[in-house]
Every structure is written in C-alpha cells, then in structure tokens.
Amino acid sequence: MTLKIKLAIFFVLISLFAQAQDLPQEVLQGSLVISKDTKVDQVIKDGQNIKLSKDGYFVFAVGRDRIDPISIKKLLKEKVVSIDEIKIIKQDYEIQRIDGLPEQMVTPLEDEIIERIIAENKAIKEKKLVITDNTFFVNQFIIPAQGIISGVFGSQRILNGKEKSPHRGLDIAAAEGEPVIATNDGIVILAEEDLYYTGGTIMIEHGHGVKSIYAHMSSLDVKVNDIVLKSQRIGSVGSTGRSTGPHLHWGVMLLNTYVDPALLIVN
C-alpha cells in the first residue's frame, strides 16, 4: 500500500471522526487512534484500562500484525456507558533486501559488542515505558525531515540474506547535515550520540506513552529533559550506526507498540 493511499484512507477516517466525535468503525494496521470523551471516567481496551486525561483524551495503538477487532468499553462510575468494536484494515507490507552491509553490523559476534547491544536495548526498553500526563499527541504530527521516503513502516528487511524484524518506521533519505525537527511538542527522554545500531538517536515523549524516535543522526541539538516544540530543530541527518547512507529513521510508538508514522502526517 503506497503512502498516498494510506494518507487518503487516513483523511477519510479523520473526517468521520471530526464529524461524529466518536471512535472510528475501522482502522488500518499500524494506526495511532486518538479520541476524546468527557462523559466517562474509565476506558478499557481489550480488557485493559488505558490512560484517560482530565479533559477526556485517550489514545491507543494498533499493532502491525493486528487482525482481530479492537474492543473499547467506556464506563462512568463503574457503569458501562458503551461498548465499541473497531474492525482492522490489513496493510500490504513490502519486502526489502539490503546487501553489502559489514557482517559485523548484521550479526555481531564479539562478546563486548553483544554486551553493548544488550545494555543499549535495555535502556531503550526502559524509555519506551515512560508515560506522562501530557497530551501533546492530540496535536497534528509533522514529518521531521525533508527528503525521499526510502523505507516504509512494516516492510520486512533481509540484510545480507538474513531476515530481520519488520521495519518500525519511515526512512527519509536526505543529505548529511540537513535539519531534523521535532514531529510534535514533547519532552526529550533519550539523547545518545553513538548507539550501536541507530547511531545518533533521540526519543521524545508526547504524553500517555506516545513517543517519536529519530535515528542515524550526525548531530544532536537537544538533551534529556529538554522541552521541545513542534518544528523545532533537534539535530541533523546523518549515516551513523547501521546505515548504508545518509537518512533519518523516524519511528512512532505507544509504549512497546510501533505505529505507522505515515498515518500521522498530513503533508
């Protein structure tokens, strides 16, 4: 499914949401669903409570491979107000082959490198679980760099013939040093110049566990705990970490679930 088609479907869903002020009847795999209801005090998704802001906002993610419908139950003073079922629209994912990478970057063998990767992954996993009361995520997201889309969400990558995890974001090819901007308002919770796989990496929390991540950057202009505004420059495009050329990897997630950034932008 092309970026253009994804955006067209997204605009239809947003239009329906804006008119009805209600949950959508169906969503694409990889969607971030944002809704508001000021007349309830509890929202339960698939049997689990999700965060509800003081002004009624809540958000949930639809995983890349989700097939089963989503159940949303709303309550007020422990009494059920409504039960909704949201159908899932399947995406068609691409298969990408990338050859010529240094073998050490595809299958690291040295113990010290493995230990480094484990430590970095642990730190990133901890940051994914950060959750705040902020609701910056309700504002429109924007694309964080200008360039050519060279990799899309959900595509399966085969590196030097070895199958890897599905791609978790958008790759934007651009010249080294081109500006990278914040996709939305938020708080910087991670800023690392040299992670093994992702090189220069920034993670911003936008509230309720919604985060954006920016990877392979050549320079970072922000630090942890900085408050950033949408469109503020946070660094520069690079080719650090595991990268075959200058580009920005941009990902968006809700806690541990990655979503399709293409569904969050309007231009």
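D260 is buried, with a relative accessible area of 0% (buried means under 20%, exposed over 50% and partly exposed in between, using a 1.4 Å probe and protein chains only). Welcome to a short tour of this predicted model, in which local features need pLDDT of at least 70, side-chain atom pairs count only at pLDDT 80 or more, and totals for chains, interfaces and linings use all residues. Residues are numbered from 1 along each chain as its sequence is written, and side-chain values use heavy atoms, with hydrogens and water left out.

**D260**

- D260 sits in the segment after β21 (257–259); strands are DSSP runs of E with at least two residues, helices are runs of H or I with at least four, and both are numbered from the N terminus.
- The D260 side chain makes a polar contact with the side chain of Q91, at 3.4 Å (a pair of N or O atoms within 3.5 Å; within protein, one must be able to donate a hydrogen and the other to accept it, and residues adjacent in sequence count only if both atoms are side-chain atoms).

**V228**

- V228 belongs to strand β18 (residues 227–228) and counts as buried because its relative accessibility is 0%.
- Beyond its neighbours within four places in sequence, V228 is in contact (heavy atoms within 4.5 Å) with A182, N184, D185, G186, V188, I204, V222 and I234.
- Between the C-alpha atoms of V228 and E205, 23 residues apart along the chain, the separation is 10.0 Å.

**The largest pocket**

- The largest pocket holds about 1000 Å³ of space.
- Its lining has 33 residues, of which R168, Y197, T198, R242 and H249 are the closest to the centre.
- A pocket here is an open set of points on a 1 Å grid over the protein atoms alone, where a 1.4 Å probe fits, with protein on both sides within 12 Å along at least five of seven lines; lining residues have an atom within 4 Å of a point.
- Helix α3 gives the largest share of the lining, six residues.
- Elements that each supply at least two lining residues include α3 (111–128), β16 (210–217) and β20 (247–254).

**A three-stranded sheet**

- Strands β13, β19 and β17 form an open, antiparallel sheet in the order β13-β19-β17; two strands pair if DSSP finds at least two bridges between them.
- At the edges are β13 (179–181) and β17 (219–220), each pairing on one side only.
- Three bridges join β13 to β19 (residues 233–236), and P179 has S236 in β19 as its bridge partner.

Notes: Grid points are joined across faces, edges and corners, and a volume is the space filled by probe spheres set on the points.
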